[in-house]
Amino acid sequence: MKLLARLRHAWSMLDSRNLRVSAAACPFCGPSVFVRLNATEAGVRCIRCAASVVHLSIGYALREVVGDICHGDVCEFSAAGPLVDFLRRSARSFSGSEYQPELPAGASRNGVRNEDVQHLTYSDECFDLITHTEVMEHVPDDAAAFAELFRVLRPGGMMLFTVPLSSHHDTIERARLADGQIEHLLDPVYHLDPFRGGSGVLAYRDYGTDIVGRLQHAGFERIEIVVPRCRVRWAGIRPVIVAQRAGHDSTHA
Ligand SMILES: [Zn+2]
């Protein structure tokens with residue numbers, strides 16, 4: 001059924017005028033073929049694992065920056081997909097989750113744990129590696145979230161993540177929560193969310209390169225915006241933000 005659903009999804013995205021295929025090395029499944037189903041970034045996929053450009057970017061960054069994760073305890077803020085499959089089969093332990101506000105904090109439904117990145121239920125210093133893709137722009141209080149992510153990371157541990165990142169310095173706040181109500185500062189922008197579907201999830205901000213300062217404020221050191229050396233044909237690559245918690249040498253690298 002998974003394959004059938006994937007084929008249906010691919011068919012729905014297909015624009016035959018822009019169809020291209022090319023041999024490529026996938027960071028998750030090795031030698032593979034990438035396909036361009038249409039002219040958008042989202043139309044480029046690995047045909048073996050269906051990884052998108054965002055997932056391929058963080059996969060290449062993991063290989064280039066972190067290396068072998070087999071001795072690491074890993075946390076990712078999604079619960080399905082090619083990145084999750086890779087982390088689950090490669091790491092010593094893996095915890096995936098989705099934000100499901102209708103559930104109690106830390107509870108699970110259909111095997112999917114609920115975590116709010118602003119108030120994590122994980123204990124202090126329990127992960128060697130944390131990953132997330134296109135999450136933080138949807139979090140109302142990103143300072144609280146970065147502080148929580150720092151708290152659950154072990155000394156020496158690393159966090160790799162993507163957000164839509166502009167080349168400008170200043171982050172633009174698009175919305176904020178005031179007394180539990182969303183206040184729009186700019187026209188609302190919604191990003192599609194494969195877990196929730198529907199019309200998408202509100203983006204609270206457009207990050208600039210001052211995201212480095214936000215991570216420093218939460219306590220992270222050695223923060224870099226890494227552009228992986230590998231490129232995805234037709235789509236380039238996404239920058240990946242790498243932040244490390246200071247401490248003794250990490251054992252996962
Ligand atoms: Zn793949």
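Biologist: What geometry does the site of the zinc ion have?
Modeller: The site is tetrahedral, with angles of 102 to 118 degrees among the four donor atoms of the zinc ion. Four donors count as tetrahedral if all angles lie between 85 and 135 degrees. For reference, the ideal angle for four tetrahedral donors is 109.5 degrees.

Biologist: Where does this model come from, and how are residues numbered?
Modeller: This is a predicted model, in which local features need pLDDT of at least 70 and side-chain atom pairs count only at pLDDT 80 or more, while totals for chains, interfaces and linings use all residues. Residues are numbered from 1 along each chain as its sequence is written, and side-chain values use heavy atoms, with hydrogens and water left out.

Biologist: Back to the zinc ion: which residues coordinate it?
Modeller: C26, C29, C46 and C49 do, each through its SG atom, at 2.2 to 2.4 Å. Donors here are N, O and S atoms within 2.8 Å of the metal (3.2 Å for Na, K and Ca); water is not among the atoms, so sites may look incomplete.

Biologist: What spacing do those donors follow along the chain?
Modeller: The pattern is C-x2-C-x16-C-x2-C.

Biologist: And C46 and C49, buried or exposed?
Modeller: Both C46 and C49 are buried. Buried means under 20% relative accessible area, exposed means over 50%, and partly exposed is in between, using a 1.4 Å probe and protein chains only.

Biologist: New topic. How many salt bridges are there?
Modeller: The count comes to 18. A salt bridge here is a side-chain nitrogen of Lys or Arg within 4 Å of a carboxyl oxygen of Asp or Glu.

Biologist: What does R154 pair with?
Modeller: R154 forms a salt bridge with D73, at 2.9 Å from N to O. The two sit in distant parts of the chain, 81 residues apart: R154 is in strand β9 (residues 153–162) and D73 in strand β4 (residues 73–76). Helices (H or I, at least four residues) and strands (E, at least two) are DSSP runs, numbered from the N terminus. D73 is buried at 10% relative accessible area, whereas R154 is partly exposed at 25%.

Biologist: Which residues are in a network with those two?
Modeller: R92 and D128 are linked with D73 and R154 in a network of salt bridges.

Biologist: What about R214, which residue does its side chain meet?
Modeller: The side chain of R214 meets E173 in a salt bridge, again listed at 2.9 Å, N to O. R214 lies in helix α5 (residues 211–217) and E173 in strand β10 (residues 172–173), so this pair ties together parts 41 residues apart in sequence. R214 is partly exposed at 23% relative accessibility, and E173 is partly exposed at 30%.

Biologist: Let's switch to helix α2. How many of its residues are buried?
Modeller: Eleven of the 14 are buried, so α2 is largely enclosed by the rest of the structure. Among them are V53, L56, I58, Y60 and V66.

Biologist: What span should α2 have?
Modeller: Helix α2 (residues 53–66) should span 20 Å, and its end C-alpha atoms are 19 Å apart, which agrees. The expected span is 1.5 Å times one less than the number of residues.

Biologist: Which residue takes a positive phi just after α2?
Modeller: That is G67, with a phi of about 80 degrees.

Biologist: Last one: what does H55 touch?
Modeller: H55, which lies in α2, touches F28, P82, L83 and T133, not counting residues up to four places away in sequence. Contact means heavy atoms within 4.5 Å. H55 counts as buried, at 18% relative accessibility.

Notes: Four donors count as tetrahedral if all angles lie between 85 and 135 degrees; four count as square planar and six as octahedral if opposite donors are over 155 degrees apart and all others between 65 and 115; anything else is irregular.
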